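Please read it beside the sequence and the structure shown here.

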Number of protein chains: 2
Amino acid sequence: MARPRAAAKVSDPGQDELSRKEELIRTAVELFSEHGFKGTSIRDIARHLGISVSNMYHYFETKEDLWLAIQEYSVRWLPDRLEAVWALSADPLERFRLLLRAHLESSGTYQKESRIFMMDQDQISKKGQGKSKQIQKKVLDIYLKHLAALQQAGYLATQQTKILAFNILGVVNWYLRWYKADGPLPAERVFDEIINFILNGAINKDRPTASKPV
Amino acid sequence: MARPRAAAKVSDPGQDELSRKEELIRTAVELFSEHGFKGTSIRDIARHLGISVSNMYHYFETKEDLWLAIQEYSVRWLPDRLEAVWALSADPLERFRLLLRAHLESSGTYQKESRIFMMDQDQISKKGQGKSKQIQKKVLDIYLKHLAALQQAGYLATQQTKILAFNILGVVNWYLRWYKADGPLPAERVFDEIINFILNGAINKDRPTASKPV
DNA sequence: ATCATTATCGAACGATCGATCAAGTGAGGC
DNA sequence: GCCTCACTTGATCGATCGTTCGATAATGAT
């Protein structure tokens, strides 16, 4: 029995035009982000959608392909998006501020997806695992590039740019865990708080070789 | 066949006095921290130790009991240890510095164990899951208490102490992920870097209601 | 109306999971 | 020597895992 048009959800007779493939991905994101890859069976996914397990295999060859499809439309583009920030400004500090905001906004848009790919354990087979690590490595390199520019301009409070990068990424990535969209503060205010914390932590208060005052 | 005395590892005929129970815990920590709870089967653990699966059930009633035993000797004491810092100093800033160092040292001592219990997904049954969340909640409350004291003394750069607490915990917890003991810097130097970053990020540069100058 | 194509299902496969059981083994006390 | 008890094993259980298969129902083009 192929369904007439699309979803035809019980509670939404309107223009809910989600394809099965999209429904599968959406449900998988929900369950993967909550119980992990190994903790979510394809039977769980199928049950939540009210379809059969074999139906899923009509859209994805394996369970891992479903995982990779999620990665494909979400976090895969993060490095490119962050890389593009570099050209937006010539001032290292302002440029870095844009990087942080772009990172927070991108991660926030795909919060659950990002959380999935930050589960560090190699629950996935070699292919998916390598891809995740590769993306994280690219993001780290982008941060190191920005920090090197900041250091050269005398902005940084420390010489250990690698540790600094890890600290910053810790703040940015941790935000994916605790942030709830229904909180009291709008996302923009939260972003400002996080960015100010990071900049205060990284930037030298009294820049010795200052090239641009506040 | 009960083994003669203790481990009697092939490569270590010395005083290697690890009990089976300790061996099981040690191996479980290694595998859990690498592949997660669901990603590690009791057969994996038994195979790594060269024993039978049923042998493990002589020391632990269930797989989850093994997980809880790890929690019992490692992260379970973290809240108490951090709570004890409060009495060590009356100065909010110095006290907070001690808190950060105690947290980093405690987590670092049980790095792999701490990583296990930070895997946020509820891979575990209700009991273990609740315990982990409960510990994390306690730690958060301790930080909020310190931050409230800092705020009252005019030290803080922001009013949003909850977001600030999340940011700080992000840095501290993230360190468990990237730190390798065989790095170029000694642990103490790494701690200093992290603590300075956090303090710079949290503390107001020009305290308005200052009660204690640098 | 016909027919190829797409979408969907129930049943089943072999593998692995956590857990159980009855049976053995050896060390130490008597 | 014997008995007890802690330790260890291989075989096995039922459940669940990811995956496959053959059949069937609906769709769209002609």
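Helices, to which the lining residues are assigned below, are DSSP runs of H or I of at least four residues, numbered from the N terminus. With that term in place, the largest share of the lining of the second largest pocket, eight residues, can be assigned to α8(B). The model is a predicted one, and local features are reported where pLDDT is at least 70.

**Second largest pocket**

- The space in the second largest pocket comes to about 1,100 Å³, and 44 residues line this pocket.
- Nearest the centre of the second largest pocket lie A:W174, A:W178, B:Q136, B:L140 and B:F166.
- From chain A, α9 (161-178) supplies at least two residues of this lining, as does each of α4 (63-73), α5 (78-83), α6 (92-109), α7 (111-116), α8 (126-152) and α9 (161-178) of chain B.
- Sorted by class, the lining of the second largest pocket consists of 22 nonpolar, 13 polar and nine charged residues.

**Second largest cavity**

- Two cavities of 30 Å³ or more are found when the whole structure is searched, and the second largest cavity has a volume of about 60 Å³.
- The lining of the second largest cavity is made up of A:S74, A:V75, A:L78, A:R81, A:S106, A:S107, A:Y110 and A:S114.
- In chain A, α5 (78-83) and α6 (92-109) are the elements that give two or more residues to the lining of the second largest cavity.
- Three nonpolar, four polar and one charged residues form the lining of the second largest cavity when it is divided by class.

**Relation of the two chains**

- Chain A is superposed on chain B, with an RMSD of 0.0 Å, by a rotation of 180 degrees with 0.0 Å of shift along its axis, which is the relation of a two-fold axis.
- The C-alpha of A:G201 is the one nearest the axis in chain A, at 1.8 Å from it.
- Since 100% of the interface residues of chain A are also interface residues in chain B, the copies meet through the same surface.

**Salt bridges**

- Over all chains, the structure holds 20 salt bridges.
- A salt bridge joins the side chains of B:R47 and B:D44, with an N to O distance of 3.1 Å; the two residues are three apart in helix α2 (residues 42-49) of chain B and are therefore separated by about one helical turn.
- Of this pair, B:R47 counts as exposed because its relative accessibility is 57%, the cut-off for exposed being over 50%, whereas B:D44, at 22%, counts as partly exposed.
- In the salt bridge between B:E72 and B:R76, the closest N and O atoms are 2.1 Å apart; B:E72 is partly exposed, with a relative accessible area of 38%, and B:R76 is also partly exposed, with a relative accessible area of 38%.
- Between B:R189 and B:E193 there is a salt bridge whose closest N and O atoms are 3.4 Å apart, and these residues, four apart in helix α10 (residues 187-202) of chain B, are separated by about one helical turn.
- B:R189 is partly exposed, with a relative accessible area of 33%, while B:E193 counts as buried because its relative accessibility is 11%, buried meaning under 20%.
- In chain A, salt bridges that share partners connect A:R101, A:E188 and A:D192 in one network.

Definitions and conventions:
Residues numbered from 1 in each chain as written. Chains lettered and ligands numbered in written order. Predicted model: local features only at pLDDT ≥ 70, side-chain atom pairs only at ≥ 80, totals over all residues. Heavy atoms only, no water. Least-squares fit on C-alpha atoms with pLDDT ≥ 70 in both. Contact = heavy atoms within 4.5 Å. Salt bridge = Lys/Arg side-chain N within 4 Å of Asp/Glu carboxyl O. Buried < 20%, exposed > 50% of the residue type's maximum accessible area, 1.4 Å probe, protein only. 1 Å grid on protein atoms, 1.4 Å probe; cavity = no way out; pocket = protein on both sides within 12 Å on 5 of 7 lines; lining within 4 Å. Points joined across faces, edges and corners; volume = space filled by probe spheres on them. Nonpolar A, V, L, I, M, F, W, Y, C, P; charged D, E, K, R; others polar.
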